[in-house]
Amino acid sequence: MSATPSDAGLQLRSHLQRPGFTLDINLSLPERGITALFGPSGCGKTTALRVIAGLEPTSSGRVAIGGDVWQDSASGLFRPVHQRAVGLVFQEASLFDHLSVEGNLKFGFRRTPNAERHQAWDHGLALLGIAHLLKRSPPELSGGERQRVAIARALAANPRVLLMDEPLAALDAQRKAEVLPWLEQLHAKLDMPVVYVTHSLDEVAQLADHLVLINQGRLEAQGPVIDLLSRTDLHLAHGDQAAALIEATVAKKPPGEGLCALDFSGGQLWLPQTRAIPLPPGRSVRLRIQARDVSLALQRPEQTSLLNTLSATVSELHEDGPGQVLVGLRLGEGANQVRLLSRISQLSAQRLKLAVGTPVFALIKGVAMVR
Ligand SMILES: Nc1ncnc2c1ncn2[C@@H]1O[C@H](COP(=O)(O)OP(=O)(O)OP(=O)(O)O)[C@@H](O)[C@H]1O
């Protein structure tokens with residue numbers, strides 16, 4: 001069956017009943033990029049991943065990728081896990097200790113047609129940066145290296161979809177930071193959907209292109225991660241972790257020694273140049289701006305050490321915890337408008353007489369370049 005635009009990605013419709021838990025979701029995921037499944041513990045993220053993999057035979061519904069149907073309760077079709085082209089990566093890298101890294105990767109190849117092996121081998125080694133580890137055995141690898149080998153092994157099977165269940169959860173902060181850049185490039189370099197279960201908003205901000213929010217077995221929202229993180233009707237925009245993401249481009253001219261300028265449709269942001277080699281002009285980056293790092297003023301402050309002050313318009317106001325207000329802001333014009341969040345005290349909002357439509361200046365104390 002050939003793929004049509006409507007079914008080119010991954011379709012998942014599942015109804016599954018357990019004592020005290022029901023999964024009832026209907027998802028349509030893009031054919032490329034990283035989709036993060038996010039939600040509280042026990043909401044059904046791992047179960048959704050297992051349904052895609054064919055590990056939950058009691059689930060009724062439909063699973064299809066690119067027009068290839070793996071499960072369809074209406075016609076009684078259920079392909080078991082070994083007949084679904086899925087790459088699986090778990091919290092703990094389940095490598096064979098008695099085999100070298102090379103042996104583990106070759107095991108991943110066992111169902112890959114010979115003609116496809118050479119390219120998949122080179123691709124996997126380069127993508128995960130593990131060519132120098134081939135002769136080692138798994139006990140001789142760090143936790144981060146083990147996970148990179150586990151991902152390469154999952155890719156060696158030439159899957160249609162890569163399923164990752166909290167692949168960084170068992171690693172300490174330093175190892176996580178070591179593996180994240182490798183995961184980050186998967187979204188651009190893999191020609192397949194990656195479904196990524198996580199508890200970490202940092203990982204969502206850095207890795208995800210698309211976000212699926214699950215709550216108590218049900219779909220709360222799904223869409224591009226940039227849209228969802230700043231949607232004030234969703235819980236992610238509230239509380240101390242609230243932050244907006246902005247896609248920007250490195251500008252041609254640095255604004256000063258040791259600084260980097262980033263253009264986006266709402267203006268320009270300046271950041272300290274933290275890398276020894278300056279980022280090339282035109283390079284796309286993703287920025288994360290926390291709501292608590294955005295203050296508001298009615299006039300542009302003339303004398304301030306802050307690097308970034310942007311004109312914006314108040315688009316929403318919501319009470320957000322005791323004495324706090326979450327302010328939704330719009331920057332830029334028309335279809336290219338960008339959303340930002342600001343969390344200020346209720347007293348400040350009253351003093352500034354903020355209302356929807358008030359023009360303000362957003363004073364930005366911190367900007368993190370997350371990718
Ligand atoms: N093998 C099982 N048998 C019975 N119930 C299960 C089983 N595995 C999970 N559950 C239950 O199903 C529900 C969903 O679990 P699931 O592991 O999918 O959640 P999760 O969102 O991945 O959680 P976490 O973030 O804590 O890993 C929970 O109520 C859980 O207790």
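Two remarks on conventions before I start. Residues are numbered from 1 along each chain as its sequence is written. The model is predicted, so to speak of a local feature I need pLDDT of at least 70, side-chain atom pairs count only at pLDDT 80 or more, and totals for chains, interfaces and linings use all residues.

Overall shape, then. The protein chain has nine helices and 21 strands; these are DSSP runs, H or I of at least four residues for helices and E of at least two for strands, numbered from the N terminus. Its radius of gyration is 23 Å, close to the 21 Å that the globule rule gives for 371 residues, so the chain is as compact as a globular protein of that length. That radius is taken over C-alpha atoms, and the rule is 2.2 Å times the number of residues to the power 0.38. Along the principal axes, the C-alpha atoms fill a box of roughly 65 × 50 × 40 Å.

On burial, 37% of the 371 residues count as buried. The cut-offs use C-beta atoms placed from the backbone: buried is 20 or more others within 10 Å of the residue's own, exposed is 12 or fewer, and partly exposed is in between. As for contacts (C-beta atoms, placed from the backbone, within 7 Å), residues 24 or more positions apart account for 67% of those with a separation of 6 or more.

Next, the domains. The chain is divided into domain 1, residues 5–231, and domain 2, residues 243–369; the bounds come from an automatic or database domain assignment. Their C-alpha centres lie 34 Å apart. At the interface, five residues of domain 1 are in contact with seven of domain 2. On the domain 1 side, the largest share comes from helix H8 (residues 225–229), with three residues. By class, that side has four nonpolar residues, one polar and no charged. Here Ala, Val, Leu, Ile, Met, Phe, Trp, Tyr, Cys and Pro count as nonpolar, Asp, Glu, Lys and Arg as charged, and the others, Gly among them, as polar.

Which residues are around the ligand? They are Arg18, Phe21, Gly39, Ser41, Gly42, Cys43, Gly44, Lys45, Thr46, Thr47 and His199, where the criterion is a backbone-placed C-beta atom within 6 Å of the molecule. Helix H1 (residues 45–53) gives the most to this shell, with three residues. The shell divides into two nonpolar, seven polar and two charged residues.

Over residues 303–371 the chain is 9% helix and 52% strand, with the end C-alpha atoms 31 Å apart.

Last, the loop residues. Thr358 sits between helix H9 (346–351) and strand S20 (359–364), and counts as partly exposed because it has 18 C-beta neighbours inside 10 Å. Its C-alpha atom is separated by 23 Å from that of Leu229, 129 residues away along the chain.

Asn158 is in the loop between helix H4 (143–156) and strand S8 (161–165). Although not a glycine, Asn158 has a positive phi of about 55°. Glu166, in the loop between S8 and helix H5 (173–184), is also not a glycine, and its phi is positive at about 45°. Glu166 is partly exposed, with 19 other C-beta atoms within 10 Å.

Note on methods:
Two residues are in contact if their C-beta atoms, placed from the backbone, lie within 7 Å.
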